[in-house]
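Dear colleague,

I am handing over a structure that may be new to you. Please look through it before reading the notes below.

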Amino acid sequence: MRLFTLLAAGLCLAGLPALAQPRSAGTPDPKLIEDLVVANRVLADLGVLDGFGHVSVRHDKDANRYLMSRSMAPALVKADDVLEYDLDSVAVDAKGQALFLERFIHGEIYKARPDVRAVVHSHSPSVIPFGVSRTRLQPIYHMSSFMGVDVPVFEIRDVAGPASDLWCATPRSAPRWPRCWATRPSF
Ligand SMILES: [Zn+2]
């Protein structure tokens with residue numbers, strides 16, 4: 001049984017302490033911050049993000065940085081809550097605040113896909129069934145062409161075994177290999 005897609009996972013609020021702090025790429029375009037705040041609010045309002053989901057955007061000044069809020073409910077995110085991260089998901093300045101445990105999903109996707117400008121980690125009830133059943137999520141008309149011909153599903157048990165906590169909580173480069181990153185992510 002396939003267990004989860006890019007848009008479906010377990011809880012993700014708990015934080016990890018930041019390691020060595022990377023240098024900032026500079027102040028992002030305020031409009032980008034505003035867009036990210038609005039994205040948090042809209043996705044929460046539409047039920048795409050619950051209290052534990054998160055959305056990020058690649059930094060406009062440096063492709064090796066991304067922006068995402070500290071660990072908090074998306075519906076409450078304000079501009080001051082947005083932090084800068086490097087692609088190993090180390091915060092430039094966490095300001096002593098908790099960070100999303102699963103922030104590594106964002107950093108690893110930005111590493112693997114230079115064309116990707118934003119990432120949403122959701123537990124949407126509309127999407128989860130396609131990650132845990134044999135029914136594939138498939139485009140069936142032109143408005144869904146953005147999906148391509150198929151939506152890959154990442155089988156966490158291939159990497160983490162049959163009884164993991166379902167969290168992607170460490171980077172792929174970690175000495176102690178992550179609990180769920182595959183050698184060849186399917187996204
Ligand atoms: Zn999650």
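This is a predicted model: local features need pLDDT of at least 70, side-chain atom pairs count only at pLDDT 80 or more; totals for chains, interfaces and linings use all residues.

**A loop residue**

S124 is located in the loop that joins strand 4 (118–121) to helix 3 (128–132). Its relative accessible area is 10%, so S124 counts as buried, the cut-off for that class being under 20%. S124 and D50 are 74 residues apart along the chain, and 7.7 Å separates their C-alpha atoms.

**Salt bridges**

In total, the structure contains 9 salt bridges.

D60 is partly exposed, because its relative accessibility is 35%.

Another joins the side chains of K78 and D81, at 3.6 Å from N to O. The two partners fall into separate classes: K78 is partly exposed at 45% relative accessibility, whereas D81 is buried at 5%. This pair also belongs to a network of salt bridges that links R70, K78 and D81.

A further salt bridge is formed by R157 and E155, whose closest N and O atoms lie 3.2 Å apart. Here R157 is partly exposed, with a relative accessibility of 31%, while E155 has a relative accessible area of 13% and is therefore buried.

With kind regards

Key. Residues are numbered from 1 along each chain as its sequence is written. Side-chain values use heavy atoms; hydrogens and water are left out. Helices (H or I, at least four residues) and strands (E, at least two) are DSSP runs, numbered from the N terminus. Buried means under 20% relative accessible area, exposed over 50%, partly exposed in between (1.4 Å probe, protein chains only). A salt bridge is a side-chain nitrogen of Lys or Arg within 4 Å of a carboxyl oxygen of Asp or Glu.
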